[in-house]
Amino acid sequence: MELLPIGKMKEKIHNLIREREWDKYQSPKNISMALSIEASELLEIFLWLTEDESWQIKTDPEKIEEIQDELADVLYWLLLLSDLLNIDLNDAFWNKIKKNEAKYPIDQCKGSSKKYTEWSTEADRLN
Ligand SMILES: [Mg+2]
């Protein structure tokens with residue numbers, strides 16, 4: 001299977017949409033809703049599982065295929081939404097990583113699951 005860069009993936013998505021005349025349904029509102037719905041379908045796979053059962057899912061090929069499909073659905077809508085809004089996902093990713101590194105300094109949050117608002121006033125200023 002071909003390894004596609006983001007630009008090629010977007011092109012594939014647009015071809016799929018154009019060939020089916022689905023352009024009229026493509027709005028930021030609809031696409032963001034579809035993205036959320038697909039993320040929820042991923043959550044549904046794990047709903048009611050214990051922590052251990054959620055790890056054991058790795059040994060179930062059918063469940064892994066379901067997860068793979070939902071991840072691909074999320075990626076599809078993510079790419080489409082970013083394209084419709086002219087958002088460069090590479091830039092967005094690196095900018096967010098920098099923000100998270102600033103919000104969660106290693107010396108303050110290492111080993112802690114607390115949200116930055118619970119321990120940092122500096123991080124609050126970055127928002
Ligand atoms: Mg789905």
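Student: In what order do the elements of the protein run from the N terminus on?

Tutor: They run α-α-α-α-α-α-α, which comes to 7 helices and 0 strands. Helices (H or I, at least four residues) and strands (E, at least two) are DSSP runs, numbered from the N terminus. This is a predicted model: local features need pLDDT of at least 70, side-chain atom pairs count only at pLDDT 80 or more, and totals for chains, interfaces and linings use all residues. Residues are numbered from 1 along each chain as its sequence is written.

Student: What about domains: how is the protein divided?

Tutor: Into domain 1 (1-87) and domain 2 (89-127), with bounds that come from an automatic or database domain assignment. Their C-alpha centres lie 26 Å apart.

Student: What radius of gyration does the protein have, against that of a compact globule?

Tutor: The protein has 19 Å, whereas a compact globule of 127 residues would be near 14 Å. The radius is taken over C-alpha atoms, and the globule rule is 2.2 Å times the number of residues to the power 0.38. Along its principal axes the C-alpha trace spans about 50 × 40 × 30 Å.

Student: And what share of the residues is buried?

Tutor: Buried residues make up 6% of the 127. A residue is buried if 20 or more other C-beta atoms lie within 10 Å of its own, exposed if 12 or fewer, and partly exposed in between, with C-beta atoms placed from the backbone.

Student: Which residues of α4 are buried?

Tutor: Trp77, Leu79, Leu80 and Asp83. The buried residues of α4 pack against α1 and α2.

Student: How do α1 and α4 pack, in angle and distance?

Tutor: α1 and helix α4 (residues 61-84) pack at about 95°, with their axes 10 Å apart. Axes are lines fitted to C-alpha atoms, for helices over the stretch in contact, and angles run from 0 to 180 degrees between N-to-C directions. The two helices are therefore roughly perpendicular, the word for 65 to 115 degrees; under 35 counts as roughly parallel, over 145 as roughly antiparallel and the rest as oblique.

Student: Which residues make the contact?

Tutor: Ile6, Met9, Lys10 and Ile13 of α1, and Tyr76, Leu79, Leu80 and Asp83 of α4. Two residues are in contact if their C-beta atoms, placed from the backbone, lie within 7 Å.

Student: What span does each of those helices reach?

Tutor: α1 (residues 6-19) has 14 residues and reaches 20 Å from its first C-alpha to its last, close to the 20 Å expected. α4 has 24 residues and reaches 35 Å, close to an expected 34 Å. The expected span is 1.5 Å times one less than the number of residues.

Student: Changing topic: what phi does glutamate 21 take, and where does it lie?

Tutor: Just after α1, glutamate 21 takes a positive phi of about 55°. Glutamate 21 lies in the loop between α1 and α2 (28-46). It is exposed, with 8 other C-beta atoms within 10 Å.

Student: And tryptophan 48: buried or exposed?

Tutor: Exposed, with 6 other C-beta atoms within 10 Å. Tryptophan 48 is in the loop between α2 and α3 (51-56), and its phi is positive, about 75°, although it is not a glycine.

Student: What does glutamine 26 touch?

Tutor: Ile17, Ile31 and Leu84, not counting residues up to four places away in sequence. Glutamine 26 is in the loop between α1 and α2 and counts as partly exposed, with 16 C-beta neighbours inside 10 Å.
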